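Reader: Please take a close look at one helix pair for me. Keep it brisk, and give the cut-offs as you go.

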Amino acid sequence: MVSCRGRAVVLACFVCVSLRGLLAQPVNATAEPSPETSAKLVRGPSDALSPGEAEFIRQRKEVVLASLGRLNISSTADSVPHIALLGSGGGQRAAVALLGSLQQMGQDDLLDTLLYIGGVSGSTWTMALLYSDPQWSVNKVFSSQGVHGDIPWWSPVNLIVPGPYWWLKTKSKDEDFSLSEVWGVLTSYLFMKHMDQRLLSDEASRDNTNPYPVYSAIEKECFNTNTTDAVWFEFTPHEAGFPELGHFVSTAYLGSGFEGGELKEQKPEMDMVQLQGIVGSALAHEDSIAEMVPSWMNMSTAGRPTAVKDHLRIYFTLNILLELLKSGIKDVTDLAKVEELQKRASDILLEEVPLHTMTKEEQVEELQRKNLALVASVQTWVAEMNIGLQKNAVTELMEVVLPLLIKWQWGTTENFLYAVKDSEVPDCLQSRVLNLIDGGIAINMPYEPFLGKKRDVDLLIAPEFSAGEMFETLTLARDYAAAVGKPFPVIHEQVLLDKDWPKDFYVFPGENDQPTIIFMPLFNRINCKDEAEVKARMVEYSTFQRPFSPEKIAALQEIARDNMRNNKDAIVREIQNAATRRQGRRNVTDSAL
């Protein structure tokens with residue numbers, strides 16, 4: 001799981017440099033629904049697959065069965081194992097490592113054994129990039145070209161030619177415009193170099209060439225109130241919704257206005273840029289920032305005013321935004337100007353204030369003064385810039401971002417469960433809008449969509465790219481599964497002793513209806529000689545840094561490929577075990593009939 005410090009700096013780490021040149025096209029409009037279609041837009045409560053996903057999986061199993069035959073794995077048409085590959089969070093490290101893992105799986109003819117690919121946070125960037133090609137798993141074009149670039153977003157070509165800049169200007173006029181849109185632009189353009197404005201629902205009409213994609217997020221208000229059954233939210237080509245509640249809406253209508261389950265106002269579907277902004281928005285959770293307090297703010301949690309969070313989020317978001325801005329500046333004079341603004345902002349933050357001697361009202365007033373000083377420092381800096389395209393771009397960026405920072409508005413989209421008369425819909429879902437944010441804040445690996453009867457998964461292949469303590473995603477998923485009553489394999493405490501220098505391959509066998517989990521740490525005993533080297537590698541490829549150089553990308557891809565390559569035989573063995581288990585379960589069912 002990404003550490004709190006990692007989350008904040010990472011997401012803040014995307015917030016500015018990448019407004020560089022968005023392909024702004026007219027927002028996609030969805031056709032007006034017929035009365036018959038309208039009645040089918042909202043589904044639930046149900047623990048069954050949507051009809052569209054069920055039909056896709058039926059067809060995909062034909063591909064999987066053929067693949068198993070090529071690997072000399074015994075299976076039958078009615079006992080094809082359900083296998084999912086999980087992509088963890090971890091910013092650009094996760095995006096690049098997932099790409100390398102898939103490259104090797106393609107080379108080893110393992111891709112077609114997968115029914116599903118699930119992603120959270122950084123891994124979803126690679127998923128979005130790959131699925132822009134309807135034939136990506138056949139074409140096997142896993143170019144890393146999309147994950148680096150050095151064209152400043154304020155360059156004349158990006159400001160004149162429709163692109164990220166214009167896309168953001170257009171989206172900023174929407175009623176539910178939030179920092180997620182800003183973040184989506186930055187992650188898409190800065191790191192992946194790919195402004196993908198297609199719609200996720202477009203994939204509903206695709207054939208069975210690629211594994212079925214599932215993107216995960218969490219609902220912020222439900223997460224904050226520990227409303228377990230309404231925390232996780234999933235996006236698929238056919239529908240989106242809350243898997244634990246069993247309530248879903250057609251993906252093409254996510255974001256449209258509903259009341260009592262009836263469509264009131266049809267709005268355009270979010271594109272993949274917006275979706276990436278939601279599923280990768282770890283900075284959206286204030287507690288991620290609140291732990292990074294300077295020494296003069298060190299107070300007990302109970303004694304720390306909410307205004308401290310307000311101040312920190314503005315400072316850290318601006319600071320990383322400026323860090324990213326610097327990554328595209330070549331001119332020494334311009335670079336010095338950005339560093340000057342960073343120093344002004346840092347001076348404001350580090351100016352000590354005796355909060356412990358103030359009343360609550362005085363604390364709020366003092367911190368608000370600091371917030372205004374931060375904003376004023378940016379405005380003064382912009383006013384001092386030389387007139388030209390760069391100044392105009394920076395000015396408009398700040399005009400868009402600063403108000404959103406004050407509101408701290410992330411992932412707002414119309415709530416399709418608004419005013420639904422269902423006792424199972426909790427209080428945290430009673431407002432007009434949902435606040436959907438990065439699922440990695442809860443668990444930095446997307447286990448949730450693949451637990452339980454709905455997708456009935458036999459084998460989860462989980463290459464771990466997260467920062468933070470090793471095995472944390474596993475233990476958090478285990479505890480979550482116990483809380484919602486879903487099967488999960490046993491995680492022996494002895495394994496957790498490997499956390500500082502893990503092996504490259506672990507198997508946690510499932511029994512009965514539990515999935516088996518293959519767990520593969522990115523940095524391990526095969527590619528690191530000791531604990532110190534594991535730590536050094538995590539620093540080298542830390543989540544909170546400027547975009548990796550082409551050389552770092554190539555090296556990281558090769559590390560991920562080696563992990564898959566070295567363990568191919570073990571993976572094939574577990575696929576065979578999964579096929580055998582499913583056949584055994586099938587035989588038991590048949591004999592019971």
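Author: Axes here are lines fitted to C-alpha atoms, for helices over the stretch in contact, and angles run from 0 to 180 degrees between N-to-C directions. Helices are DSSP runs (H or I, at least four residues), numbered from the N terminus. The model is predicted: local features need pLDDT of at least 70, side-chain atom pairs count only at pLDDT 80 or more, and totals for chains, interfaces and linings use all residues. Residues are numbered from 1 along each chain as its sequence is written, and side-chain values use heavy atoms, with hydrogens and water left out.

Now the pair. Helix α14 spans residues 332–350, and helix α15 spans residues 360–384. Their axes come within 9 Å and cross at roughly 165°. Angles over 145 degrees count as roughly antiparallel. So α14 and α15 are roughly antiparallel to each other. The crossing of α14 past α15 is right-handed, that is, the near helix is turned clockwise from the far one by less than a right angle.

Which residues of α14 and α15 make the contact? Contact means heavy atoms within 4.5 Å. From α14 come K337, V338, L341, R344, A345, I348 and L349. From α15 come K370, A373, L374, S377, V378, T380, W381 and E384. These residues divide into nine nonpolar, two polar and four charged. Ala, Val, Leu, Ile, Met, Phe, Trp, Tyr, Cys and Pro count as nonpolar; Asp, Glu, Lys and Arg count as charged; the others, Gly among them, count as polar.

Conventions: Helix = DSSP H or I, 4+ residues; strand = E, 2+ residues; numbered from the N terminus. Parallel < 35°, antiparallel > 145°, perpendicular 65-115°, else oblique.
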